[in-house]
Amino acid sequence: MKTNELLLKERNREVPQGPFNVHPIFAERAKGAIIVDVEGKEYIDFAGGIGVNNIGHCDEEVIKAVQDQLQKYIHTCFHVVMYEPYVELAKRLNEITPGKFPKKTMFANSGAEAVENAIKIARHATGRPATIAFEDAFHGRTLLALSLTSKMKPYKFGFAPYAPEIYRMPYAYCYRCALGLEYPSCEIRCAYFLREFFNTHISAEHVAALIVEPVLGEGGFVVPPREYFKILKKICEENGIVFIADEVQTGFGRTAKMFAMEHYEVEPDIIVMAKSIAGGLPLSAITGKAELMDHPQVGGLGGTYAGNPLACRAALAVLDQFEKKDILQRAERIGKMVFERFKQFYERFPVVGDVRGLGAMVGMELVVDRKTKEPATDFTKRLINRCREKGLLMISAGTYSNIIRPLMPLVITDEQLERGLSIIEESLSELSSKEFL
């Protein structure tokens, strides 16, 4: 049997350093919210494949659907020979996504591809070249998606030049307000700033789309005020700008609604999805107003593997499981439990600077000093490593990598969740006694 250490040596010898690895372990098997490494050690999974495993590892219904499809055909390329699972999944997404208007859906393989296709559609429909994105945003790693992404290191560093006609404005990051204001006395100035942006950065007549995450994912689980997106959407409507919601990480139940924009009562013109859509198989979707989606000419959109039948069957099974297991109600309960414990950590440990969340998407920002809000980046890394030693896998987020972002499968048991939270508490206590006392 190969050990983690031996496999890590092989990985470093055979694989470039660019693809990052949070934990120096190799999975042997996984089920629900538990991962077992090649040495037989069990871990509670608070990372979920970076938000991919909302319905858990190796969901039985997903496995059955994929096995059934394997016996029929694996790939025909939808552009050559069509197949029903693609159309059926498009129909169901058209029905469940926000918006009381006719919609159409197409598929790709990754979140980045979905983002790029959404921008292509918006540009084609409006005849305009520019896109507005936000600080602290993450939209992927391909050229256009990387250009939309905000964080420089490690994502953008050394990969210039970036795609042109990308313009960036501050996000509603209340804990670190770019405008130096406080909610609610700010009167959502950061949203109305979009009108000023048209005068100082890019004219509205030049802008095809505004793309935004309902809750920042990689940016640190930042939750804007409820009024924020209605203001942005109204300004976009006034100026003929396509409003794109990037729900790659927030989608499929993470916020206790199928899509986070439902919390804000906003209907995006286009919504992009990926990660948990297919229970672990590569799939992404772009759903939007029918007149927008139909604008590009025949052959203008597509991809060889886009909407692979195995992934489409898996996604249909995922949707069925959300209904059968009432995953959304479970996400709400998980969010309440995590938020309550994180708030307790805030009262006990000075290193916890802020706790925020929406549904099960709850983040805990760690700082060296609560007054200066200096990010505790090194502490965060040590906390993640200490938790792994105790049997809990976590990942960080944020421009300064100082935010704990739990993405546990939404099928995690209460016992597993409690044990994971206790491990965080134990580790915070141990590291705080060394660092701050």
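1. Two strands are said to pair if DSSP finds at least two bridges between them. In this predicted model, strand β7 (residues 207-212) meets that condition with strand β8 (residues 242-246): four bridges link the two in the parallel sense. Within this pair, isoleucine 211 of β7 stands opposite isoleucine 244 in β8.

2. The pair belongs to an open sheet of seven strands, whose order is β4-β10-β9-β8-β7-β5-β6. Pairing in this sheet is mixed. Its edges are formed by β4 (103-108) and β6 (166-169), each of which pairs on one side only. On average, neighbouring strands are turned by 20° against each other, with direction ignored.

3. Helix α5 (residues 111-126) lies across β4, β5 (130-134), β7, β8, β9 and β10. The angle between α5 and β10 is about 25°.

4. Strand β11 (residues 352-358) runs antiparallel to β12 and is joined to it by six bridges. One of the residue pairs here is glycine 357 with its bridge partner in β12, valine 362. The hairpin of β11 and β12 has two residues between the strands, and glycine 359 takes a positive phi near 65° in this hairpin.

5. With strand β16 (residues 403-404), β12 pairs over two bridges, and methionine 364 has isoleucine 404 of β16 as its bridge partner. Two bridges also join β12 to strand β13 (residues 374-375), again in antiparallel fashion. There, valine 367 stands opposite proline 375 in β13. The hairpin of β12 and β13 has four residues between the strands, and lysine 373 takes a positive phi near 60° in this hairpin.

6. Parallel or antiparallel: how are helices α8 and α9 arranged? The axes of α8 (residues 189-200) and α9 (residues 228-238) come within 8 Å and cross at roughly 25°. Angles under 35 degrees count as roughly parallel, and α8 and α9 are therefore roughly parallel to each other. From α8, the contact involves Cys190, Ala191, Tyr192, Leu194, Arg195 and Phe198. From α9, it involves Tyr228, Ile231, Leu232, Lys234, Ile235 and Glu238. By class, the contact of α8 with α9 holds nine nonpolar and three charged residues, with no polar ones.

7. Helix α3 (residues 60-70) and helix α12 (residues 309-324) also pack together, at an angle of about 150° and with axes 8 Å apart. That angle makes α3 roughly antiparallel to α12, since values over 145 degrees are classed in this way. The crossing of α3 and α12 is right-handed. On the α3 side, the contact is made by Glu61, Val62, Ala65, Val66, Asp68, Gln69 and Leu70. Helix α12 contributes Pro309, Leu310, Arg313, Ala314, Ala317, Val318 and Gln321. The contact of α3 with α12 comprises nine nonpolar, two polar and three charged residues.

Key:
Residues numbered from 1 in each chain as written. Predicted model: local features only at pLDDT ≥ 70, side-chain atom pairs only at ≥ 80, totals over all residues. Heavy atoms only, no water. Axes fitted to C-alpha atoms, helices over the stretch in contact; angles between N-to-C directions. Parallel < 35°, antiparallel > 145°, perpendicular 65-115°, else oblique. Left-handed = near helix turned anticlockwise from the far one by under 90°. Contact = heavy atoms within 4.5 Å. Nonpolar A, V, L, I, M, F, W, Y, C, P; charged D, E, K, R; others polar.
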